Amino acid sequence: MTQANPWKAEWDVTQELAQALIYSQFPALSSMRVEWLGDGWDNTVYLVGAKYVFRFPRRKLAVELIGREGRLLPKLAPYVTLPYAKPLFYGEGTPEYPVPFLGYVYVQGKFPVGLTDEQRVSSGPLLARFLKRLHAFPVAIAKENGVLADHRALLDVAARKAKMVQLLADPVFPFEESDRSILVDYLQALIVERLQPKEVFMHGDLHFKNMLVTPNGQIAGIIDWGDMCIGHPGCDLNIAYSFLPPEARDDFFREYGEVDEETKLLARLMAVYIPMLIYRQAKDTGDTRVAQEARDIIKRALAESC
């Protein structure tokens, strides 16, 4: 039996509820318009006056994550080289909505959907420098603020491969036959079972729905830091495969710094695994544009590269 989809909300935050919570707790914002921006796996997001973004946990898991953001994101400023959403408003739970929520500076941009290879290449050095500095953030400070170590079991390649095989076999969200073929070939060739541990502080959930670009397609900011964690840098480095075309990867890794083959293996693995999940969610919600982008990412990640 297929399990319930993990993105189903435990709390539905309507526009009326979001507006009431924001206006009552932050009266200085009561003259600003509140507009729905979207639902992610963990949060419902509203734009306030085109200046701020408020994120409301829609699942219990997200409550702890958003609390961690509130504590740690302000400390990242000296290390983060791209715009990111800094928390300014710390909302409290109420009888109508029992959990805390956060309001951030609004980082303008759009999701990098349908970009050309040339547009992607232009962002390669910026993304490499961003991750190089982010991964230099002191692990000790991250741990002091409740950041978890390898909570997603990134080192267990065999277990993640098994999950991917299960995703491919799910008849409720079938993959296109051409996609299935390249995924099967990739997974059959993936024989590594476990990686050697590495510890850096990282974003933990870098993919196109947590990245913003300018109208001309250059990287403009990084959002949704709820999965910040300590672990193997290959998780974040997936963007070398998911976002960049093959010809840009050598330059990306030269800018970031030397990485070993195990790190590249994990980077590619996550570049395939994450869009598989996004594809399922997009198919379930009828978002054909995002589903197509997820398909394109899988093909890009598995294209010949360094």
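Predicted model: local features only at pLDDT ≥ 70, side-chain atom pairs only at ≥ 80, totals over all residues.
Visitor: Which residues have the most contacts inside the largest nonpolar core?
Guide: They are L76, F130, L131, F201, W225, F252 and M276. That core has 76 residues.

Visitor: Which helix gives the most to this core?
Guide: Helix 9, residues 261-285. It gives 12 residues.

Visitor: Take W225. What is it in contact with, leaving aside neighbours within four places in sequence?
Guide: W225 is in contact with E69, L73, L76, V80, Y84, F130, L134 and H203. Two of these, L76 and F130, are also on the list of residues with the most contacts inside the core.

Visitor: What does the second core include?
Guide: That one is separate and has 19 residues. Among them are A18, L21, Y46 and F56.

Visitor: On to helix packing. At roughly what angle do the axes of helix 5 and helix 6 cross?
Guide: Roughly 155 degrees, and the axes come within 11 Å. Helix 5 is residues 157-169 and helix 6 is residues 177-189.

Visitor: Roughly parallel or roughly antiparallel, then?
Guide: Roughly antiparallel, because the angle is over 145 degrees. The crossing is left-handed.

Visitor: Which residues meet there?
Guide: From helix 5, K161, M164, V165, L168 and A169. From helix 6, R180, L183, V184, Y186 and L187.

Visitor: And helix 5 with helix 9: roughly parallel or roughly antiparallel?
Guide: Roughly parallel. Their axes cross at roughly 30 degrees and come within 11 Å. This crossing is left-handed too.

Visitor: What makes the contact?
Guide: Helix 5 brings V157, R160, K163, M164, L167 and L168. Helix 9 brings L265, L269, M270, V272, Y273, M276, L277 and R280. M164 and L168 of helix 5 also meet helix 6.

Visitor: Which residues of helix 2 are buried?
Guide: A62, L65, I66, R68, E69, G70 and L72. Helix 2 is residues 60-72. E69 is also one of the contacts of W225.

Visitor: What covers those buried residues?
Guide: The cover includes strand 2, strand 3 (52-57), strand 4 (87-91), strand 5 (101-105), helix 4 (139-144) and strand 6 (200-202).

Visitor: Where is T44 found?
Guide: In strand 2, residues 43-48.

Visitor: What does its side chain make a polar contact with?
Guide: The side chain of D39, at 2.8 Å. Leaving aside neighbours within four places in sequence, T44 is in contact with V13, W36, G38, D39, F54, R55, F56 and R58. F56 is also in the second core.

Visitor: Now S123. Where does it sit?
Guide: In helix 3, residues 117-134. S123 is buried, with a relative accessible area of 0%. Beyond its neighbours within four places in sequence, S123 is in contact with G217, Q218, I219 and F243.

Visitor: And where is Q218?
Guide: In the loop between strand 7 (211-213) and strand 8. Q218 is partly exposed, at 32% relative accessible area.

Visitor: What is Q218 in contact with, leaving aside neighbours within four places in sequence?
Guide: S122, S123, L126, L212 and V213. Q218 and G124 are 94 residues apart in sequence, and their C-alpha atoms are 9.3 Å apart in space.

Visitor: Last topic, backbone. What is the phi of A50?
Guide: Positive, about 55 degrees, although A50 is not a glycine. A50 lies in the loop between strand 2 and strand 3. Its relative accessible area is 46%, so A50 is partly exposed.

Visitor: And the phi of D224?
Guide: D224 has a positive phi of about 55 degrees, and is not a glycine either. D224 is found in the loop between strand 8 (219-222) and strand 9 (229-231). D224 is partly exposed, at 24%.

Definitions and conventions
Residues numbered from 1 in each chain as written. Heavy atoms only, no water. Core = buried A, V, L, I, M, F, W, Y, C linked by side-chain atoms within 4.5 Å. Buried < 20%, exposed > 50% of the residue type's maximum accessible area, 1.4 Å probe, protein only. Helix = DSSP H or I, 4+ residues; strand = E, 2+ residues; numbered from the N terminus. Contact = heavy atoms within 4.5 Å. Polar contact = N/O pair within 3.5 Å; in protein donor to acceptor, adjacent residues only side chain to side chain. Axes fitted to C-alpha atoms, helices over the stretch in contact; angles between N-to-C directions. Parallel < 35°, antiparallel > 145°, perpendicular 65-115°, else oblique. Left-handed = near helix turned anticlockwise from the far one by under 90°.
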